[in-house]
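This briefing accompanies the structure shown below. Please keep the model in view while reading, and locate each residue as it is named.

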Amino acid sequence: MLVSQLKKFHTVTTTYATTLKECVGTSNLRRAKTVHAKLIKTSDFESDSIFINNHLMNAYVKCGDISDGHQVFDEMPEKNVVSWTVLIAGFVQKNFPTEAVSLFSDMHKSSIIPNEYTFVSTLHACSFAESLELICALQVYGLIIKLGFESNVYLVNAFLTGLIRHGKLDEAIRLFEGCLYKDIVSWNAILDGYLKFKCEDIPRLWQRMIREGVKPDEFTFATALTGFAELSNLEIGLQVHSLMVKSGHAIERCVGNALVDMYLKNRKLDEGFRAFDEISTKDVCSWTQMAAGCLNCGEPIVALKVFDEMSRAGIKPNKFTLATGLNACASLASLDEGQKVQVFAIKLGDEIDVCVDNALLDMYAKCGCMEGALRVFRSMKERTVVSWTTMIMGYAQNGLSENALEIFEEMTRVEGEKPNHITLICVLYACSQGGFIDRGLEYFSCMGSDYGVVPQEDHYACVVNLLGRAGRIKEAEELILKMPFRAKSGVVWQTLLGACRAHGDVGTAKNAARRAFEIDESDASTYVLLSNTFADSENWSCVGKLREWIENRDIKKMPGSSWLEINDDR
């Protein structure tokens with residue numbers, strides 16, 4: 001009779017446990033609560049409460065109800081290592097790392113000894129909790145060693161990850177080198193650490209992996225390719241691509257995206273497109289990366305074509321896609337295309353952020369439509385220093401210097417926003433374009449005291465341009481000579497040289513050119529400016545000598561370019 005009752009009891013509890021496992025597999029919280037209700041009504045399960053309650057708690061936690069899971073844990077008359085581990089793991093998975101570490105501390109104070117699964121979750125918690133110091137992970141690992149788990153590769157990998165997340169790469173490397181047993185996760189952890197903190201050593205680590213016969217997985221390939229993209233190391237990147245194809249990882253999305261990035265960072269657009277086409281299932285990141293790569297390679301029209309193909313493929317753009325599309329339109333000064341991209345931004349609504357708004361501002365400004373830029377600017381819920389700076393520069397470049405300065409005054413005096421060094425370059429440029437000499441000099445003189453920005457070479461170049469436009473050549477030259485630092489480029493002297501040409505001051509032009517040559521003798525801009533200055537004064541002998549000098553030294557000026565749109569074709 002007793003044996004029969006025990007068999008029946010075991011069958012029923014196993015049935016409930018199986019049902020709760022099914023709830024976890026289907027994330028069916030409602031069904032798990034139904035099982036819980038039945039358990040409460042039944043008194044026969046008291047002697048087996050740990051077994052059933054662990055399954056119940058696991059169901060709550062895995063289905064996302066950490067609060068009820070915690071309540072089940074608190075009400076359990078008895079707990080074992082599984083009970084503690086399930087809740088600790090649940091806290092980590094639901095992004096409550098501090099609570100997980102606190103629970104582990106309570107467990108340590110009890111008589112329950114943690115197992116390797118408990119330690120893995122706790123080490124992950126130490127990694128993710130920003131409020132916890134590295135000492136927390138060190139203490140946990142000390143306990144791991146004390147209990148004899150130090151040879152467990154899963155625990156070593158978790159500790160490696162924790163060290164790297166806390167920025168302790170050297171300590172992670174020492175632990176890695178001392179490991180008797182390494183798996184691919186160990187190598188991937190160190191590879192990820194190198195990517196974050198020591199990217200230049202990724203080629204050496206990759207070659208060591210190949211020498212030691214380590215078989216890379218998709219994470220290895222993706223991380224290595226990302227590193228070679230950052231290093232612009234095409235040679236080893238090609239080797240990785242070859243091995244990736246042989247191992248059958250070429251069509252995986254995360255690997256494919258990293259491969260495309262590697263080619264694009266090396267400015268190999270055709271190869272990037274081929275790798276892009278081989279990705280079996282492209283996501284929004286794949287498309288955005290391809291469009292951004294086209295833009296960075298100087299192909300804004302191709303970038304917009306990628307954007308259009310993405311739309312036709314039914315992929316919803318994100319804020320990064322929109323920013324890329326708007327930047328492409330800004331490069332082309334294509335208002336019509338920019339407004340089409342803006343429609344997508346409107347549809348996304350609250351999903352867009354200030355970066356998209358700033359890109360929209362820049363697009364309108366580059367297209368010469370400051371009315372549109374101002375509408376966007378006034379409608380923005382949030383503005384950054386980039387927003388204000390874009391408006392100031394947009395007005396200045398479109399011949400509306402007074403408006404630019406009004407925006408600057410609103411920024412600093414009304415809104416109390418602090419300008420940065422780029423903002424002040426734009427303000428000085430606006431003063432130069434508008435001929436506001438005194439205001440420009442006043443802004444320049446109070447940069448440090450009012451805005452906490454120390455004038456740099458670009459600020460001096462703007463003031464030299466300001467004075468040069470007004471014909472105050474000697475003042476401009478004296479300003480350069482009094483700079484409290486040595487010029488790193490010839491920009492300030494080239495700016496003075498341009499002013500000299502405009503006002504026919506050949507003597508000062510020669511001196512400015514000599515100074516610019518001392519900084520960079522191969523800069524074609526200085527030769528062209530000086531040659532044009534001689535030509536304006538009809539000094540053809542000097543023009544001939546200078547051009548002969550340029551040809552003998554094989555100095556070439558980068559040619560300019562412009563876009564012409566005919567019937568929607570460029």
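The protein chain contains 33 helices and zero strands. Its radius of gyration is 33 Å, well over the 25 Å that the globule rule gives for 570 residues, so the chain is more spread out than a compact globule. The model is predicted, and local features are described where pLDDT is at least 70.

**Overall form and surface**

- Along its principal axes, the C-alpha trace of the protein chain spans about 120 × 55 × 55 Å.
- Of the 570 residues in the protein chain, 47% count as buried.
- Among the contacts in the protein chain with a separation of 6 or more, 62% come from residues 24 or more positions apart.
- The protein chain exposes about 29500 Å², and carbon and sulfur atoms supply 51% of that area.
- There are 60 positive and 73 negative side chains in the protein chain, and the centres of these two sets lie 2 Å apart.

**Helix α7 and Ser121**

- Helix α7 covers residues 116-128, which makes 13 residues. From its first C-alpha to its last it reaches 19 Å, close to the 18 Å expected at 1.5 Å a residue.
- The buried residues in α7 are Thr118, Phe119, Ser121, Thr122, Leu123, Ala125, Cys126 and Ser127.
- The cover over the buried residues of α7 includes α5 (81-93), α6 (97-109), α8 (134-146) and α9 (153-165).
- Ser121 is found in helix α7. Ser121 counts as buried because its relative accessibility is 12%, and buried means under 20%.
- Leaving aside neighbours within four places in sequence, Ser121 is in contact with Ile88, Ala89 and Val92.

- Helix α31 holds 14 residues, 506-519, which should span 20 Å at 1.5 Å a residue. The end C-alpha atoms of α31 are 20 Å apart, so the model agrees with that expectation.
- Thr508, Ala509, Asn511, Ala512, Ala513 and Ala516 are the buried residues of α31.
- These buried residues of α31 pack against α29 (473-481), α30 (491-503) and α32 (524-536).

- Leu497 lies in helix α30 and is buried, with a relative accessible area of 1%.
- Not counting residues up to four places away in sequence, Leu497 touches Ala509, Ala512, Ala513, Thr526, Leu529, Leu530 and Thr533.
- How far apart are the C-alpha atoms of Leu497 and Ala129? They are separated by 57 Å, and the two residues are 368 residues apart along the chain.
- Leu481 lies in helix α29. Its relative accessible area is 47%, so Leu481 is partly exposed.
- Apart from residues up to four places away in sequence, Leu481 touches Trp493 and Arg515.

- Ser387 has its place in helix α23, residues 385-397. Is Ser387 buried or exposed? With a relative accessible area of 0%, Ser387 is buried.
- Val354, Asn358, Leu361, Phe377 and Met380 are the residues that Ser387 touches, not counting those up to four places away in sequence.
- Phe51 belongs to helix α3, residues 49-62. Phe51 is partly exposed, with a relative accessible area of 34%.
- The C-alpha atoms of Phe51 and Asn80 are separated by 9.4 Å, and the two residues are 29 residues apart along the chain.

**Loop residues with positive phi**

- Ser27 is found in the loop between α1 (2-26) and α2 (29-41). Phi of Ser27 is near 55°, a positive value in a residue other than glycine.
- Asn95 is found in the loop between α5 and α6. Phi of Asn95 is near 65°, which is likewise a positive value in a residue other than glycine.
- Asn95 counts as exposed because its relative accessibility is 58%, and exposed means over 50%.

Note on methods. Residues are numbered from 1 along each chain as its sequence is written. This is a predicted model: local features need pLDDT of at least 70, side-chain atom pairs count only at pLDDT 80 or more; totals for chains, interfaces and linings use all residues. Side-chain values use heavy atoms; hydrogens and water are left out. Helices (H or I, at least four residues) and strands (E, at least two) are DSSP runs, numbered from the N terminus. The radius of gyration is taken over C-alpha atoms; the globule rule is 2.2 Å times the number of residues to the power 0.38. Buried means under 20% relative accessible area, exposed over 50%, partly exposed in between (1.4 Å probe, protein chains only). Contact means heavy atoms within 4.5 Å. Accessible areas come from the Shrake-Rupley method with a 1.4 Å probe; for residues, only the protein chains shown count as cover. Lys and Arg count as positive and Asp and Glu as negative; His and the chain ends are not counted. The place of a charge is taken as NZ of Lys, CZ of Arg, CG of Asp or CD of Glu. The expected span of a helix is 1.5 Å times one less than its number of residues.
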